[in-house]
Amino acid sequence: MASNFIYSNKDHKFIIKEWLDGKKILGLKRYRDYLSIEDVDGILDQSLKVCKDVVAPTNDDGDTIGARFNDGKVTVPPSFHKAFRFLHDNGWGASNNDVDGEGALPEILNQSVREYIIGANPSMSPYIGLSGGIAAVIKTFGSKEQIALYTPKMFAGIWEGTMCLTEPGGGSDVGDMTSKAYPTDDPLVYKIKGTKCFITGGDHDLTENIIHLVLARVDGAAPGTKGLSLFIVPKIWVNEDGSLGDPNDVATVGIEHKMGLKGSATAVLSFGEEGNCRGILLGSAPDEKGVGQGMAQMFMMINGSRMDTGHSALAVATVAYNNAVNYARERIQGRPITNPKGDRVPIIQHEDIRRMLLTQKATLEAMRAMIFKGYYYLDLIQHGDDPEDIRKAKRSIEVITPLVKAYCSDQGWLMITEAIQVLGGYGYTEEYPIARQARDVKIYSIWEGTNFIQSMDLVGRKWRLDNGNIFKEWMMELAAFVQTNQNHSTFAHEFAVLGKALMSYQDLVGTMLGYFKEDIRLVPLYSTRILRITAEVYGGCLLMQQALVAQEKLAQKTADQDFYKGKIQAAKFYVLNIVPDVAATVRIIKEADTSAMDIPEAAF
């Protein structure tokens, strides 16, 4: 069976037009002259059609042909070339990252389009998104000459870009990286020496050039992350007039043989094997204390990439869910438990199948809600007119970024296992598409800082920002929403459950602050679980916000009543079946069990 791209844009239309204040975003100075809320349906419909007709047909080639490495060069499936060019030429590619570009979409719309692209072919989507983010970093921190020389062709998809961070011996320990940059007679040009691995899109034949952003330490700079600088390292040297010169000393050692995303080339790159790899310093040289600007520059892209990684997991898992629903409607097996002698029925009528499907639906909608809340904040941060809106958005995005990245990528994997279970034995075969989604989705919990790193960012850093006030304000906003609706005529029980979860969570914060002083080992031991329950509280509140909107639409007898009924039932299910996990987990954490640390290493 070929890959089966089944997708709907109903939830995106609901989010932009009915739940979030899409009119406010589209009314910002950046967009008001060429976009309005009336354009949303057309943009989402057109982009979804493009993904079905142009992108989805390439997905099988990505998995069966994949990226290939021969004679030092990497090729991607031929079908990728046409789809890649079509997306860029029609404004669905990197150009949206250009803050000065014409016709750019706000993130709440652009990321809806990106979700369809990922779902249609997750192994091709990194090629579409990479160059825009890299070019945006150059545009923010580069000189006028660097911006003019590199970014136009990167935004147009003529040149690609990569972020070269990870090293074979470094992994997540960025400060331990060994790549070096040696000064030359030109103060902007350095000789780069080092090896980078797990570089997404590190080599391919989609574009005529690849612009690497390489994190390296200038010879003599400070140790650790503070001594790192960022360098523009073209695969092929770019002359001052913009023409291509000789190949730079950048060699592709090989590409990884991965369990999924096989069409996405993940390369090992060697810089300076011949001693002649030239890199152009981005920003200023390290100061008198040897402190470079590399980490601060890189994090402009990393934070957005973490949001995008969680979003990618949502897209892949949504395709699996939609296929599971489709299969459950068509598969005839078994008889109703209330009528054992009756006719066989579609398995979607069986109770446990409905539980599995609603678990997926509710969780995926909670994921999408927190993701698009984040993109809404990014739109305000980047183009907002009101300083107070911008201030609040900046504070909120700090808290939810690790939730979006880690919770969504963890749940994406788990929801696909539920989709496989719906299909039974067929779900375990490659003839059906969900096995591929399982292989593709797993990387997202590892990309852009493993999910444990995200959990420590939440507990060790985000809890404490601005003396704890940022997180406190965020929690107070959730508590105020729950309190306002505690006597709701329809959802009083759901809000009571949310209220208990919030009380348990607030009690947990005090417990963990004690662990920081009493036994610091307990913080990393429990941080992953803390991130999960933080996201569960947040997801429950966001789904109940949506349920309130859906109830109003039902009362108005708006079209597509089943959609709004589904919104309400998904919210109820999530709050009543998933959110109670918060209190249970808090009880476990307060027990402070240390058996995982007490067991002898040899006993594993």
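# Hairpin, salt bridges and a pocket

Guide: Welcome! E4 and E5 form a hairpin, with five residues between them. This is a predicted model, in which local features need pLDDT of at least 70 and side-chain atom pairs count only at pLDDT 80 or more, while totals for chains, interfaces and linings use all residues. Residues are numbered from 1 along each chain as its sequence is written, and side-chain values use heavy atoms, leaving out hydrogens and water.

Visitor: How do you know that strands E4 and E5 pair?

Guide: Strands are DSSP runs (E, at least two residues; helices are H or I, at least four), numbered from the N terminus. Two of them pair if DSSP finds at least two bridges between them. Strand E4 (residues 180-183) and strand E5 (residues 189-200) have four bridges in the antiparallel sense, so they pair by that rule. Pro 183 stands opposite Tyr 190 in E5.

Visitor: Which bridges join E5 to E11?

Guide: E5 and strand E11 (residues 266-271) run antiparallel, joined by five bridges. Lys 196 has Leu 269 in E11 as its bridge partner.

Visitor: What makes Asp 560 and Lys 10 a salt bridge?

Guide: The term asks for a side-chain nitrogen of Lys or Arg within 4 Å of a carboxyl oxygen of Asp or Glu. The closest N and O atoms of Asp 560 and Lys 10 are 3.0 Å apart, so the pair qualifies. Asp 560 lies in the loop between helix H16 (522-555) and H17, and Lys 10 in helix H1, so the pair ties together parts that are 550 residues apart in sequence.

Visitor: Why is Arg 395 called buried, and what is Asp 466 called?

Guide: Buried means under 20% relative accessible area, exposed over 50%, and partly exposed in between (1.4 Å probe, protein chains only). Arg 395 has 16%, so it counts as buried. Asp 466, at 38%, counts as partly exposed. The side chains of Arg 395 and Asp 466 meet in a salt bridge (2.8 Å, N to O).

Visitor: How is the lining of the second largest pocket divided?

Guide: A pocket is an open set of points on a 1 Å grid over the protein atoms alone, where a 1.4 Å probe fits, with protein on both sides within 12 Å along at least five of seven lines; lining residues have an atom within 4 Å of a point. Here 25 residues line the pocket. They divide into nine nonpolar, six polar and ten charged, where Asp, Glu, Lys and Arg count as charged, Ala, Val, Leu, Ile, Met, Phe, Trp, Tyr, Cys and Pro as nonpolar, and the others as polar. H10 gives the most, with seven residues.
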